[in-house]
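Subject: A structure for you to explore

Hello! Here is the structure I promised to pass on to you. Please open it alongside this email, and then read on for what turned up.

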Amino acid sequence: SDQEKQELLENTREEAQWLIRVVENLLSITRIGDEQARITKEPEAAEEVLGEAVRKFRRRFPSITVSVSVPDALLLVPMDPILIEQVLANLLENAAVHGKTTTDIHVSLQEEDGFARFSVQDNGQGLPGKNAAGLFDAAAKPRPNAAGDGKRNMGLGLSVCRAIVRTHGGTIDAKNLPQGAEVSFCLPVYKEEL
């Protein structure tokens with residue numbers, strides 16, 4: 001039937017999008033190599049990079065409300081904008097998918113002590129377990145009760161995020177909130193030389 005065809009096409013599209021994200025993550029890992037890798041960083045408007053990640057996320061997850069708060073003043077951050085956009089995309093997608101009950105996400109950017117702090121907060125089920133730092137390990141194993149083939153959650157997204165952020169001279173962390181979770185990362189802010 002036409003409805004069945006539409007459902008098959010939608011499933012195919014979702015599978016293709018998932019495969020694209022996996023390949024992007026693998027390419028990022030390969031490009032970065034280890035945390036000492038050199039990347040080309042230019043001062044970029046952090047608000048624009050964040051805005052682009054949110055725009056793409058809203059298109060993929062229209063049922064989730066996303067609010068954004070950014071500083072009034074332009075915040076220049078030395079970065080590879082494609083890689084930092086991927087970090088934000090991974091964090092947004094994790095909030096939507098792994099939060100399970102997530103309906104609202106708040107993304108913020110602020111300057112703190114010479115660093116740009118990017119934060120993704122959700123109202124989902126929170127982070128599993130008490131060891132949030134372990135979320136960033138590439139060796140994270142799929143949950144035995146994972147839906148489908150159990151290979152979807154390969155732990156690539158957050159390990160890629162950590163590698164990208166560290167390569168930029170930043171830090172990343174995660175914590176549970178009273179409702180939901182927050183993952184945030186900090187990058188050094190651009191300072192003009194006198």
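A salt bridge here is a side-chain nitrogen of Lys or Arg within 4 Å of a carboxyl oxygen of Asp or Glu. Before we use that, please note that this is a predicted model, in which local features need pLDDT of at least 70 and side-chain atom pairs count only at pLDDT 80 or more, while totals for chains, interfaces and linings use all residues. Residues are numbered from 1 along each chain as its sequence is written, and side-chain values use heavy atoms, with hydrogens and water left out.

Let's begin with the overall layout. The protein chain has four helices and seven strands (DSSP runs, numbered from the N terminus: H or I of at least four residues for helices, E of at least two for strands). Their order from the N terminus is α-β-α-β-β-α-β-β-α-β-β. Of the 194 residues, 40% count as buried (buried means under 20% relative accessible area, exposed over 50%, and partly exposed in between, with a 1.4 Å probe and protein chains only).

Now to the salt bridges, of which the structure holds seven. Which residues are linked in a network of them? They are E52, R55, K56 and E85. R55 pairs with E52, and their closest N and O atoms are 2.4 Å apart. These two sit three residues apart in helix α2 (residues 46–60), so about one helical turn separates them. E52 also meets K56, at 3.9 Å from N to O; both lie in helix α2, four residues apart. K56 in turn forms a salt bridge with E85, at 2.7 Å from N to O. Because K56 lies in helix α2 and E85 in helix α3 (residues 81–98), this pair ties together parts that are 29 residues apart in sequence. E85 is buried, with a relative accessible area of 16%, whereas K56 is partly exposed at 34%.

The strands are worth a look too. Strand β1 (residues 42–45) runs antiparallel to β3, and four bridges join them (strands pair if DSSP finds at least two bridges between them).

Finally, find T171 in strand β6 (residues 171–176). Is T171 buried or exposed? With a relative accessible area of 53%, T171 is exposed.

Enjoy exploring!
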